[in-house]
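Visitor: I would like a close look at one part of this model, the places where its pieces touch. Could you take me through them in one connected account?

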Protein chains: 2
Amino acid sequence: MQKQPAQQLYAKIKLDIRSNQLPVGEPLKQEALSKRYGVSRIPIRDVLQRLKNEGWLTGSGKRGVMVPPFTAGEAEDLYMMRMYLEPLLLGHAIPKLNQQTLGKAADFLAVIDQSKGLTIEELGELNWQFHACLYEAANRPTLFNTVAALHQQCGRYIGFHSQKLNYLEASQKEHYQLLDAVKQKQLNRGKNILKAHISDAGEILVEYLLQSLHF
Amino acid sequence: MQKQPAQQLYAKIKLDIRSNQLPVGEPLKQEALSKRYGVSRIPIRDVLQRLKNEGWLTGSGKRGVMVPPFTAGEAEDLYMMRMYLEPLLLGHAIPKLNQQTLGKAADFLAVIDQSKGLTIEELGELNWQFHACLYEAANRPTLFNTVAALHQQCGRYIGFHSQKLNYLEASQKEHYQLLDAVKQKQLNRGKNILKAHISDAGEILVEYLLQSLHF
DNA sequence: AGTCTATAAAATGTATACATTTTTATTTTT
DNA sequence: AAAAATAAAAATGTATACATTTTATAGACT
């Protein structure tokens, strides 16, 4: 639990970025935001810096921050990095996984299966919970934090291809395969499934981006 | 160029962290820092958050930030990540490298060779310049930024094993090998040299940390 | 007219003052 | 005496006010 006001403000601004309520590409004025959200510029500045560090905003340095446009290149890089780093984390985790953690992971998958009334954001969050639950067992805070940050940044792209989500079935299938491999402590198989899983998601996203941004 | 005061403050505090002028492990008080550096708490807060995001400070969330202790685990993770990500960047860069960039890279190595009067920090900076100079050619901002951040975090450890730096000769040898491979556009050889280069540095550091922290 | 300079306006950075929250110490109760 | 509750203190979060810097505009000069 953080202190409430800033936490709320953070959530609100992030939501507004997600739903394109804030202008893309042009610098955000602190004072304008201050009036818009009904707080002084101080907490606005804090939140802006935080969002900048999480990839929701980009700072052109001297000029103010702005909402960055989506690019295929960024998506490609993010998924590429995840493709190489997450299997490392999983590799450390597998030998240490206990029954309880595996149960929790299975539970997340079950919830995703019944994803009728869930928003795309909630779905993304559950997806991360599943992965994070396994990764935490690795007990590698530094590696974990970097991976978590990459996920955050990918999250910015999640709302983008909303409907294109018949992909969810394929994803869940891979999740269950992964869980199976992990349960049996099959290190290399697990890593390979995970790598393919991330690679697939990345390819779909990048392809979609290339199409969408080409007009 | 940024606005001066905050930039200076940032540099000063970072230097004080490096040289152990600030207490390790116990929370830093904003007001105390404010008095110490002769500015109000506002810029202090900004700088603290920034340093936190760069790994020079850790925030236990609700409680204030603190100077994190060195751990072998963190060093291991940082070098592991670099080992996997930097070759990717180099791979993208090699086909795009031109004569001018290669010349610049060679110049950096030459400067390092004459490193009589340089501090360990300046040496680390030059080392990064050499690598960054190659990596920038890749034109992969997202990947580059992550790698740069990892370097930053490694930088925290650089001052640690000051004297243990007969390692520099080996490092330079590897640098020249790398430059040679890159000049000849030998993609796989270059990647392998780089991977080994990072791996070596990581091992030396981790080993030293394990010894130092064990008493 | 075009470019450069100077001046005004806007925006960000910082300090002081205040509010809220968290922590510590003291008191009260069982 | 131990534990809980409460009050005081300290520390952080936020608002307002001011300073500095940056950007835009208008005027002067070649």
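Guide: In this predicted model, four residues of domain 1 of chain A are in contact with four residues of domain 2 of chain A, and on the domain 1 side of that contact the residues divide into one nonpolar, one polar and two charged. The domain assignment places domain 1 of chain A at 4-66 and domain 2 at 72-212, and the C-alpha centres of these two domains lie 28 Å apart.

From the contact inside the chain we can turn to the contact between chains, to which chain A and chain B give 17 residues each. On the side of chain A that touches chain B, helix H3 (41-53), helix H4 (72-93) and helix H7 (141-158) of chain A each supply at least two residues, and H4(A) gives the most, with nine residues. Sorted by class, this side of chain A has seven nonpolar, six polar and four charged residues.

The same surface serves both copies, as 100% of the contact residues of chain A recur in chain B.

Two packed helices are described by the angle between their axes and the distance between the axes. For helix H2 (residues 30-37) and helix H3 (residues 41-53) of chain B, the axes come within 9 Å and cross at roughly 110 degrees, and H2(B) is therefore roughly perpendicular to H3(B), since angles of 65 to 115 degrees count as such. H2(B) makes this contact through B:Gln30, B:Glu31, B:Leu33 and B:Ser34, while H3(B) contributes B:Arg41, B:Ile44 and B:Arg45; by class, the contact has two nonpolar, two polar and three charged residues.

Two loop residues of chain B deserve a look at their backbone. Most residues other than glycine have a negative phi. B:Asn20, however, has a positive phi near 60 degrees without being a glycine; its place is in the loop between helix H1 (4-18) and H2 of chain B, and B:Asn20 is exposed, with 10 other C-beta atoms within 10 Å. B:Asn139, also not a glycine, has a positive phi of about 60 degrees and is found in the loop between helix H6 (120-136) and helix H7 (141-158) of chain B, where B:Asn139 counts as exposed because it has 12 C-beta neighbours inside 10 Å, the cut-off for exposed being 12 or fewer.

Note on methods: Residues are numbered from 1 along each chain as its sequence is written. Chains are lettered from A and ligands numbered from 1 in the order in which they are written. This is a predicted model: local features need pLDDT of at least 70, side-chain atom pairs count only at pLDDT 80 or more; totals for chains, interfaces and linings use all residues. Domain bounds come from an automatic or database domain assignment. Two residues are in contact if their C-beta atoms, placed from the backbone, lie within 7 Å. Ala, Val, Leu, Ile, Met, Phe, Trp, Tyr, Cys and Pro count as nonpolar, Asp, Glu, Lys and Arg as charged, and the others, Gly among them, as polar. Helices (H or I, at least four residues) and strands (E, at least two) are DSSP runs, numbered from the N terminus. Axes are lines fitted to C-alpha atoms, for helices over the stretch in contact, and angles run from 0 to 180 degrees between N-to-C directions. Angles under 35 degrees count as roughly parallel, over 145 as roughly antiparallel, 65 to 115 as roughly perpendicular and the rest as oblique. A residue is buried if 20 or more other C-beta atoms lie within 10 Å of its own, exposed if 12 or fewer, and partly exposed in between; C-beta atoms are placed from the backbone.
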